[in-house]
Amino acid sequence: MRSLFWKEWHEQRWKLAFGALILVGFSVIGLRARVIADETMLEAVCFLAVPLLSVLSSTGLVPAEREEGTLQTLLALPVRPSLIFAMKAVIGILLCAVPLVVAAIASMAIAGGREISAASIIELHLRTLAATLALFFWMLALTVRLPTETRAALVTMGVLIMWMIVTVGLPQGWNPQMVSSRFWLVDPLVFLLGFRNGKWGVSLALAAALQAIIALALWLWAAWQFPRPLEARS
Amino acid sequence: MSDAPTIEMSGVVKRFGNKPVLEGVNLSVPAGQTFAFLGRNGAGKTTAIRMLLGLLKPDAGTVRVLGLDPQKAPTEVRRRVGYLAEDQAMFGWMRVDQIMAFVKPFYPTWDDRWATQLRERFELPLATKVRHLSKGQGVRLGLLLALAHRPELVTLDDPTLGLDPIMRKEFLRDLVTYLQGQRVTVFFSSHLLYEIEPVADAVAILDRGRIVRQATTDELRAKVKRLILPAQAEATARGLPGLLDFSHGGRQIAVVVEDAPAATAVLRAEGVAADEVDLNLDEIFEAYVIGRKEPASAEPLLERVA
């Protein structure tokens, strides 16, 4: 298990560093420059973080290995495929979480209590993490059978765009206040947009619980699909 | 060592969609044997080998490896089997020492001293990244990883594919040297027959998803022969038992039969004189997979045995 973690970590650590660098860089530069309000700046960083981290973490885990042919080598080892997949998912979650944690710490160090409280910064980053993770599981599940990283990247972008369209309600146009009147329970982006007026409590609990169930279902489905050879489809 | 076969496949069927790949494959490989699995590209060799590792599930039939069902106990099977895949992709960013350290924890029987000996014999530089190894070094590294845990069965899927002839000879020399010191069952697939001949105890010929012949190499060489007959004996030749290939050459007919003593007995009974010509494994394989029973002029070039 340690061996698998070591391998995944070595393969993905540059993506983690890249994600952290981008988020911390934007946060630090934006909060120091003070061109816009701190809250607006942090929200912009978090809006950037969701697509960046979810796409970055999901595309390289399985499709890249299929493309290089190393997935077959990995699956031929005497280890359960579910363990290999679990390790990949853990690394994916770290790829989503660590840059956000680092960015939150940097933001609190620079702007905590200045215009917004440290607690609000943590809350904003937690909501961003929830949205990123929910999207990550969608993307992981929908790319697990793809043979190339490029196709996976296209699919992940498609997933992102689909949820953005659902979130803003295409027929009504952009209106964050009516976010997902129908879809808010299952919409990953609801964590970013849906509770802006501080309406936590039941709404959040319901959405979080339902999306956790959806994420688990997506993960189980992907874990089942993961070891199946592609030619079996033909 | 147990008398039970190391590998047993019975009535194995596999389809990918509507495309049949294996159609009722029956195979038995005794312990300690070096067994060559022969077939043209696309014959189904890799599919069969991947079933042995539990990487593919048969649609029908049973597979047993070391007495275990690879579908039910894939981890146990893979711990006891050394596997080198066709054109195996390695993790290019790892160094040789790193890939050895990565693979080692998966095998409780990994032998560090043996791994080091193999690495030195294969002249693999420890600190070189896998992506910087030559093709030959890559194959040797794959072999090291397949052997270092002292497996009871070594499964090699076209291991010399992509190597130049010198490298292929070196690779087989390494393999044979290893085999001389070990009582390990080796199951390897290839379509390069001249490579197999010096090392294989037995062969199975797979053609279009079916095993068309399984025998020891000695038995094949003793029984499968080319018979040269006078052209007048054409009718008799066409009725010979186990006819694999038929060719007309002016005043003579050449046939390949899978049981020369039986065919010779028939010819003798008919009063036909025949010269026997020994065949190498390459020619025997060719007779099985592209042999013709009709004159070449009347048939398409690649007409096969019905």
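Visitor: Which residue stands opposite Lys225(B) in E12(B)?

Guide: Val257(B) stands opposite Lys225(B) in E12(B). Bear in mind that this is a predicted model.

Visitor: Which strands are being joined there, E12(B) and what else? How many bridges?

Guide: The partner is strand E10 (residues 225-230) of chain B, joined to strand E12 (residues 252-257) by 6 bridges, and the two run antiparallel. Another facing pair is Arg226(B), which stands opposite Val256(B) in E12(B).

Visitor: What sheet do they belong to, and in what strand order?

Guide: An open sheet of 4 strands in chain B, ordered E11-E12-E10-E13, with antiparallel pairing. Its edge strands are E11 and strand E13 (275-278), each of which pairs on one side only. From one strand to the next the twist averages 25°.

Visitor: How many bridges hold E11(B) to E12(B)?

Guide: There are 6 bridges between strand E11 (residues 243-249) of chain B and E12(B), in the antiparallel sense. Ser247(B), for instance, stands opposite Ala254(B) in E12(B).

Visitor: What about the hairpin of E11(B) and E12(B), which residue takes a positive phi?

Guide: Gly250(B) does, with a phi near 75°, in a hairpin that has 2 residues between the strands.

Visitor: Which helix lies across E10, E12 and E13 of chain B?

Guide: Helix H10 (residues 260-270) of chain B lies across those strands, running at about 15° to E10(B).

Visitor: Stepping back, into which domains is chain B divided?

Guide: Domain 1 covers 7-219 and domain 2 covers 224-298. Taken over C-alpha atoms, the centres of the two domains of chain B are 35 Å apart.

Visitor: How many residues are in contact between domain 1 and domain 2 of chain B?

Guide: Domain 1 of chain B has 11 residues in contact with 7 residues of domain 2 of chain B. On the domain 1 side, the elements giving two or more residues are helix H7 (193-196), strand E8 (202-207) and strand E9 (210-216) of chain B. H7(B) gives the most to that side, with 3 residues.

Visitor: How do the residues on the domain 1 side divide, nonpolar, polar and charged?

Guide: That side of domain 1 of chain B, which touches domain 2 of chain B, has 6 nonpolar residues, 1 polar and 4 charged.

Visitor: You mentioned E8 and E9. How do E8(B) and E9(B) run, parallel or antiparallel?

Guide: They run antiparallel, with 6 bridges joining E8(B) to E9(B). Ala202(B) stands opposite Thr216(B) in E9(B). The two strands form a hairpin with 2 residues between them, and Arg208(B) in the turn has a positive phi of about 50°.

Visitor: And which sense for E8(B) with strand E3 of chain B, parallel or antiparallel?

Guide: Parallel: strand E3 (residues 34-39) of chain B pairs with E8(B) over 5 bridges. Phe37(B) has Ala204(B) in E8(B) as its bridge partner.

Visitor: What about the open sheet with E1 in it, what is the strand order?

Guide: It has 3 strands in the order E2-E1-E4 of chain B, with antiparallel pairing. The edge strands, each pairing on one side only, are strand E2 (19-29) and strand E4 (60-65) of chain B. The twist from one strand to the next averages 25°.

Visitor: How many bridges join E1 to E4(B)?

Guide: 5 bridges join strand E1 (residues 7-16) of chain B to E4(B), which run antiparallel. Within this pairing, the bridge partner of Ser10(B) is Thr62(B) in E4(B). Helix H1 (residues 45-52) of chain B lies across E1, E2 and E4 of chain B, at about 60° to E2(B).

Visitor: Switching to helix H5 of chain B: how many of the residues of H5(B) are buried?

Guide: H5(B) is mostly covered, with 10 of its 13 residues buried. Among them are Gly138(B), Arg140(B), Leu144(B) and Leu147(B).

Visitor: What should the 13 residues of H5 of chain B span?

Guide: At 1.5 Å a residue, helix H5 (residues 135-147) of chain B should span 18 Å, and its end C-alpha atoms are 19 Å apart, so the two agree.

Visitor: Last one. How many residues does the contact take from chain B and from chain A?

Guide: 19 residues from chain B and 19 residues from chain A. Helix H2 (residues 74-80) of chain B gives the most to the chain B side, with 3 residues. The side of chain B that touches chain A divides into 14 nonpolar, 3 polar and 2 charged residues.

Note on methods: Residues are numbered from 1 along each chain as its sequence is written. Chains are lettered from A and ligands numbered from 1 in the order in which they are written. This is a predicted model: local features need pLDDT of at least 70, side-chain atom pairs count only at pLDDT 80 or more; totals for chains, interfaces and linings use all residues. Domain bounds come from an automatic or database domain assignment. Two residues are in contact if their C-beta atoms, placed from the backbone, lie within 7 Å. Ala, Val, Leu, Ile, Met, Phe, Trp, Tyr, Cys and Pro count as nonpolar, Asp, Glu, Lys and Arg as charged, and the others, Gly among them, as polar. Two strands pair if DSSP finds at least two bridges between them. The expected span of a helix is 1.5 Å times one less than its number of residues. A residue is buried if 20 or more other C-beta atoms lie within 10 Å of its own, exposed if 12 or fewer, and partly exposed in between; C-beta atoms are placed from the backbone. Axes are lines fitted to C-alpha atoms, for helices over the stretch in contact, and angles run from 0 to 180 degrees between N-to-C directions.
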